[in-house]
Amino acid sequence: MKIAGLQHPGTPGDVEENLAALEAAATRAAAEGVRLLVTSEMFLTGYNIGDRVAELAREPLEERVADVARRTGVAIAVGLPLPGRGGVTNSVLMLDETGRRLARYDKTHLFGALDRSLFVPGEHPTVTADLDGVRLAFLVCYDVEFPETVRAAALAGADLLVVPTAQMEPFAFVAEHLVRVRAWENQVYLAYVNHSGAEGDLRYVGRSSISAPSGDVLAVADADGEALLVADVDVEVVRAARRDNPYLDDLRAEFRLPPALPEVTP
């Protein structure tokens with residue numbers, strides 16, 4: 001299955017402009033035989049836009065993206081805010097080429113004061129969906145920096161981990177190094193799709209990438225500017241990687257989570 005990741009600065013707070021950029025990318029992707037297009041975190045509305053997040057979350061955003069999927073014939077995993085229990089969630093919606101929802105994942109690990117001021121955390125650590133015989137799982141930005149979340153997705157059978165992100169300075173090392181290690185240690189493809197440019201006081205590091213289960217980087221973007229990254233995902237490559245590098249089989253189940261350390265009294 002051919003997938004694509006859209007690195008783009010977006011237009012903060014302007015859903016119409018971002019939908020237009022999404023449709024242009026999906027049209028181009030369709031011409032290249034892409035079945036799935038992945039955006040960055042909160043791409044549809046912008047991320048660092050304050051109270052506008054809650055306002056825009058009340059709009060029919062899913063229906064607008066579904067229209068794009070139907071017009072272009074491409075499945076889309078899009079970052080956007082959605083109403084959730086107790087507030088707004090920082091989410092990724094997976095829609096197939098007919099606009100039908102396949103999955104919703106809400107970011108479970110909120111990063112810093114900005115995330116916590118805008119969103120409530122998701123309640124489901126692992127969400128999967130199947131497309132063209134490929135099992136997908138989803139995380140958002142900071143989630144992928146916890147090894148436990150990626151391992152849980154791999155143990156749930158994920159072949160491809162979809163990670164919209166809004167990674168900002170000074171954390172370029174996550175995009176440059178950590179992401180490919182996560183792919184290697186869990187034998188998954190990993191699509192890490194970031195913003196470029198800036199929003200308010202945030203400067204994004206770009207460097208979106210698609211990594212293979214071997215840890216090899218199949219496609220990568222520069223730190224700045226727009227890019228449409230395209231790569232092939234092959235479940236047979238995942239199976240071979242897990243035979244050759246059997247971390248998941250060799251992991252002792254009783255050690256998946258370490259026991260709590262005893263309390264020490266000074």
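Partly exposed, in this talk, means a relative accessible area between the buried limit, under 20%, and the exposed limit, over 50%. The model is predicted.

Overall fold to begin with. The chain has 8 helices and 14 strands. A compact globule of 266 residues would have a radius of gyration near 18 Å, and the chain agrees, at 18 Å. Its C-alpha atoms fill a box of roughly 50 × 50 × 30 Å along the principal axes. Of the 266 residues, 54% count as buried. Take contacts between residues at least 6 apart in sequence: 67% of them join residues at least 24 apart.

Now charges. There are 25 positive and 40 negative ones, and their mean positions are 4 Å apart. The whole structure holds 20 salt bridges.

Here is one. Arg71 meets Glu23, 2.8 Å from N to O. Arg71 sits in helix 3 (residues 61–72) and Glu23 in helix 1 (residues 15–31), so the pair ties together parts 48 residues apart in sequence. How exposed is Glu23? Its relative accessible area is 23%, so Glu23 is partly exposed. Arg71 is exposed, at 54%.

Next, Glu123 and Arg85, at 2.5 Å, N to O. Both lie in loops: Glu123 between helix 4 and strand 6, Arg85 between strand 3 and strand 4. That pair ties together parts 38 residues apart in sequence. Arg85 is exposed, with 68% relative accessible area.

Then Asp130 with Arg135, closest N and O atoms 3.0 Å apart. Asp130 is partly exposed at 44%, and Arg135 is partly exposed at 30%.

Last, a network: salt bridges link Arg35, Glu97 and Asp132.

Technical notes:
Residues numbered from 1 in each chain as written. Predicted model: local features only at pLDDT ≥ 70, side-chain atom pairs only at ≥ 80, totals over all residues. Heavy atoms only, no water. Helix = DSSP H or I, 4+ residues; strand = E, 2+ residues; numbered from the N terminus. Rg over C-alpha atoms; globule rule 2.2 N^0.38 Å. Buried < 20%, exposed > 50% of the residue type's maximum accessible area, 1.4 Å probe, protein only. Contact = heavy atoms within 4.5 Å. Lys, Arg positive; Asp, Glu negative; His and termini not counted. Charge placed at Lys NZ, Arg CZ, Asp CG, Glu CD. Salt bridge = Lys/Arg side-chain N within 4 Å of Asp/Glu carboxyl O.
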